[in-house]
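Please examine the sequence and the structure shown here before reading on.

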Amino acid sequence: MVTLAEVAQHAGVSASTVSYVLSGKRSISTTTRHRVEQSIRELGYHPNAGARALASSRSNIVALMIPLRTDMYVPVMMEIAIAVATTARTHGYDVLLLTGEEGPDAVRRVTGSGLADAMILMDVQLDDERLPLLRGTHQPSVLIGLPADTSGLTCVDLDFKATGALCVEHLAKLGHRDIAVIGEAPAVYERHTGFAERTLDGLRLRSQELGLRLLHRPCDGGYDAMALTLARILDERPGTTGFVVQNESAVEPLLALLRQQGRAVPEDVSVVGICPDQVATQASVRLTSVSIPAQEMGRHAVEQLVAKLDGRGSDEVLLIAPELTVRASTGPAPAAAH
């Protein structure tokens, strides 16, 4: 294993100069810094993590709290996590992944032990019980999600309220007047998960403004649950011609059930998804959809966190504007077509 002293000898500088280049604690001339960095690359030197942490009071680790629940679409969560990890690495940080449902206990464990320099939290609820602890610590943190009260917090998220409104506007322009929303599993709403609640707010508000009738039904996903949910919707609102689906596991069962009932998409009913592009484009009918910008959310979260660690960041809310891509699953409402 290459030592710091060997790097210093190779670069023709003192060991303390190499240390200052690595820590950034003192200003080093550009020529000297480049010479040291060249020696580090050529020799394949890797600073000892423990020694570096003792010297700098930093671990160069970011903790990512991502509870993996059975009622959430895990591929999206993992896509965000991968974006966090790859972006963090470009800034010289590794990621500690916390996947349990420890809530405040995990926050206490990380902030009290020095396991990580900063935290990123996912699966944010409107009244998230982890937030008082975050507000009470000096350790930098960023939320991927939006609670009800964002004061004193830094947040990154898709603008889910605007997403809901955008879906309604698209269907309204096509002449649909009765719209059904097939939502996430009931447990997601029982936890008051931010993204689901905010989407619903946007759907309801814009429907009311446009004079549309809106029906929302949570769904556990899967064929059997979707069959019961669809039967209930059509029993209560037989004139429904527009569907908004915010539940990846319900997309294909819904399309299959509509086919079985002789309801053609998009001639008889239109379907809009709020889902990753991969889900929308690989469905049996290519879905008109608002994409989940997972990679963008992960990247922005890390960049905001690094800025805070460097003393450049401030508490702010970054909402990514939704974009709706029209594909084969939406068309004029039957009455409008005639």
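In this predicted model, a search of the whole structure finds zero disulfides. Cysteine 167 illustrates the point. A disulfide requires two cysteine sulfur atoms within 2.5 Å. The closest cysteine sulfur to that of cysteine 167 belongs to cysteine 275 and lies 9.5 Å away, so the distance is too far for a bond. Cysteine 167 is also buried, with a relative accessibility of 0%. Cysteine 155 is likewise buried, and its relative accessible area is 0%.

Cysteine 167 is one of the buried residues of helix α8, a list that also includes Phe160, Gly164, Val168 and Leu171. Residues three or four places apart in an α-helix point the same way, because there are 3.6 residues a turn. Helix α8 comprises 14 residues, 160–173, and spans 20 Å from its first C-alpha to its last, close to the expected 20 Å. After α8 comes glycine 175, with a positive phi near 95 degrees.

Strand β6 covers residues 178–183, and six of its six residues are buried. Side chains in a regular strand alternate between the two faces of the sheet. In β6, Asp178, Ala180 and Ile182 point one way, while Ile179, Val181 and Gly183 point the other way; all are buried. The pairings of β6 are set out below.

| Partner of β6 | Residues | Direction | Bridges |
|---|---|---|---|
| Strand β7 | 213–218 | parallel | six bridges |
| Strand β8 | 242–245 | parallel | four bridges |

Notes: Residues are numbered from 1 along each chain as its sequence is written. This is a predicted model: local features need pLDDT of at least 70, side-chain atom pairs count only at pLDDT 80 or more; totals for chains, interfaces and linings use all residues. Side-chain values use heavy atoms; hydrogens and water are left out. Buried means under 20% relative accessible area, exposed over 50%, partly exposed in between (1.4 Å probe, protein chains only). Helices (H or I, at least four residues) and strands (E, at least two) are DSSP runs, numbered from the N terminus. The expected span of a helix is 1.5 Å times one less than its number of residues. Two strands pair if DSSP finds at least two bridges between them.
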